[in-house]
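Subject: The structure I promised you

Hi,

Here is the structure we talked about, with the sequence alongside. Could you open it and keep it in view while you read my notes below?

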Amino acid sequence: MNIVYGVIGGIVALFFLVVLRGAPYLPSRRKDVALAFDELYPLGSTDTLIDIGSGDGVVLRQAAARGARAIGFEINPILVILSRLLSLRRPGVQTKWRDFWLTSLPPETTVVYVFGESRDIVKMAARVQSEANRLHKTIWLISYAFDIPGLQPTRSFHAHFLYEMSPLQSAKP
């Protein structure tokens, strides 16, 4: 019995520690994600979507169903395993055990999907902007539940906001 309590306590502690580093796990509703993709950014076979904090992989599977390559970065190893199991028969879906703050986006990235709570959303947008600059390409950012202060969304639909993160020109002396 002590082993069971130890395992449960370890899982709870893992989820708590992950929340200190990122957003809490709140499962996305498949219907909401599908509508956001249909209304904001119609994904296709030329897109590679990166889901930051991909949780159980709902966003990844919805993106892959539209023909996109979908890669999830998830810091919680339990959710990585769950996402991989739920996405086993879905071509084009990958879930990686990664910390977004320490990982570069793949060069083929076209869209980044985030659920960043208010304490992190500005930092997340700045990180995606930095990656757009590094890759010298526009990256579309879809933020769920939080608009980004100081940035004007290109479009919005219910609780989803779409931002165009174009590479910035550096000033020459």
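Before the first number, one term: a contact here means heavy atoms within 4.5 Å. With that in hand, of the contacts in the chain with a separation of 6 or more, 63% are between residues 24 or more positions apart. Please also keep in mind that this is a predicted model.

**The overall layout**

The chain has 173 residues, and buried residues make up 42% of them. Its accessible surface comes to about 9,600 Å², with 59% of that belonging to carbon and sulfur atoms. You will find 5 helices and 7 strands, and from the N terminus on they follow the order α-α-β-α-β-α-β-β-α-β-β-β.

Leaving out residues up to four places away in sequence, Thr48 touches Arg69, Ile71, Glu108, Thr109, Thr110 and Val111.

In soluble globular proteins, nonpolar side chains tend to be buried together. In this model the largest nonpolar core has 20 residues, and Ile52, Val112 and Leu141 have the most contacts inside it. At least two residues each come from strand 1, strand 2 (69-74), strand 4, helix 5, strand 5 and strand 7 (160-165). Helix 5 gives the most, with 6 residues.

If you select Val112, what does it touch, not counting residues up to four places away in sequence? Its partners are Ile50, Ile52, Leu105, Val128, Ile139, Trp140, Leu141 and Ile142. Apart from this core lies another, of 19 residues, with Val33, Phe37, Val93 and Leu162 among them.

**Helix 3**

Helix 3 is largely enclosed by the rest of the structure, because 7 of its 8 residues are buried. The buried ones are Val58, Val59, Leu60, Arg61, Gln62, Ala63 and Ala64. They pack against helix 2, strand 1, strand 2, helix 4 (77-86), strand 3 (93-97) and strand 4. Just after helix 3 comes Gly67, which takes a positive phi of about 95 degrees.

**Salt bridges**

Side chains of opposite charge can pair when their charged atoms come close. The structure holds 6 salt bridges, including these:

- Asp38 and Arg66, with the closest N and O atoms 3.2 Å apart. Asp38 sits in helix 2 (residues 30-39) and Arg66 in the loop between helix 3 (58-65) and strand 2, so this pair ties together parts that are 28 residues apart in sequence. Asp38 is partly exposed, at 48% relative accessible area, and Arg66 is partly exposed at 23%.
- Arg29 and Asp32, whose side chains meet at 3.7 Å, N to O. Arg29 counts as exposed at 54% relative accessibility, whereas Asp32 is partly exposed at 22%.
- Arg119 and Asp120, with their closest N and O atoms 3.2 Å apart. Asp120 is buried, with a relative accessible area of 10%, while Arg119 is partly exposed at 45%.

There is also a network of salt bridges that links Arg127, Glu131 and Arg134.

That is the tour. Happy to go through any of these spots together on screen.

Best wishes

Key:
Residues are numbered from 1 along each chain as its sequence is written. This is a predicted model: local features need pLDDT of at least 70, side-chain atom pairs count only at pLDDT 80 or more; totals for chains, interfaces and linings use all residues. Side-chain values use heavy atoms; hydrogens and water are left out. A nonpolar core is a set of buried Ala, Val, Leu, Ile, Met, Phe, Trp, Tyr and Cys residues joined through side-chain atoms within 4.5 Å. Buried means under 20% relative accessible area, exposed over 50%, partly exposed in between (1.4 Å probe, protein chains only). Helices (H or I, at least four residues) and strands (E, at least two) are DSSP runs, numbered from the N terminus. A salt bridge is a side-chain nitrogen of Lys or Arg within 4 Å of a carboxyl oxygen of Asp or Glu. Accessible areas come from the Shrake-Rupley method with a 1.4 Å probe; for residues, only the protein chains shown count as cover.
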